[in-house]
Amino acid sequence: MFYCCNSPNKYKRLDAKLERKMVEAKKGSSGDHNFKSINSIIMKFPQLRDSLKNIRAVFEQYDEDSNGTIDHEELKKCLQKLQLHLTEEEVEDLFHSCDIDGHEGIQFNEFIVLLCLIYLLKGPSSSNTMSRLGSPQLEATFDTVIEVFLFLDKNGNGKLNKNDMVKALNDASPQEKSPSHISRTRFEEMDWDRNGQVSFREFLFAFIKWVGIDTDEEMSLTGG
């Protein structure tokens, strides 16, 4: 069992914005990608894990009461200090869509997702977003994560379906096709509202688990 969302229809507004951004990114790509196969993505896991773990220092800085979560007020202060100019509606949407356990607090893995969503929504040139986090590599890391999603989004509609996932897992090495239950399991880990489609937000939560943010072991996309 992975994450679950208590109200699958509650965050359609945010997911619709993300979907449009992904469609734009797919159309704007030249067709030349760093990733040609799932294996080329897996090879990046250690580098991605190390870069994302560096966000912990930022998280701890704004977790003022050191309780392991960033509450609504702490998040507002964080965004203000980082000079990320979001509307109240955007802050509410981001907070509640990333607080997936409904505990009124953003945990570390949720904070990573939140920053990546802001990066995608606001764009890399908007207010010099990522450089304010003191990590020039973070922008490149988030770009890589976005590119993984675009690689999996075979039809370019800004969301993933099961056919996308199976095609991505099997196309590169047809002689070594993943068992159908592996493809199904990986997809179900992303599709927590069980609607047959995976938004970028849902993908992010699963992907950082695969990379191994919560543990020191990354999980293979093509195995257990």
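The secondary structure of this chain comes to eleven helices and two strands; helices here are DSSP runs of H or I with at least four residues, strands are runs of E with at least two, and both are numbered from the N terminus. Along the sequence, the pattern reads α-α-α-α-α-α-α-α-β-α-α-β-α.

Before going on, a word on the model. It is a predicted model, where local features need pLDDT of at least 70 and side-chain atom pairs count only at pLDDT 80 or more, while totals for chains, interfaces and linings use all residues. Residues are numbered from 1 along each chain as its sequence is written, and side-chain values use heavy atoms, with hydrogens and water left out.

The chain has 224 residues, and 50% of them count as buried. Buried means under 20% relative accessible area, exposed means over 50%, and partly exposed lies in between, with a 1.4 Å probe and protein chains only.

Next, the core. The largest nonpolar core has 66 residues. Such a core is a set of buried Ala, Val, Leu, Ile, Met, Phe, Trp, Tyr and Cys residues joined through side-chain atoms within 4.5 Å. Helix α7, residues 108-122, gives the most to this core, with twelve residues. Which residues have the most contacts inside the core? They are F200, F203 and F207. Leaving aside neighbours within four places in sequence, F200 is in contact (heavy atoms within 4.5 Å) with M22, C116, L117, L120, I146 and F149. In general, nonpolar side chains tend to be buried together in soluble globular proteins.

F200 also belongs to helix α11, where it is buried. Helix α11 covers residues 200-211 and reaches 16 Å from its first C-alpha to its last, close to the 16 Å expected at 1.5 Å a residue; the expected span is 1.5 Å times one less than the number of residues. Eleven of the twelve residues of α11 are buried, among them R201, E202 and W210. Just after α11, G212 takes a positive phi of about 105°.

Now back to α7 and its partner. Helix α6, residues 88-98, packs with α7 at an angle of about 140°, their axes 9 Å apart. Axes are lines fitted to C-alpha atoms, for helices over the stretch in contact, and angles run from 0 to 180 degrees between N-to-C directions. From α6, the residues E90, L94 and C98 meet E110, V113, L114, L117, I118, L121 and K122 in α7.
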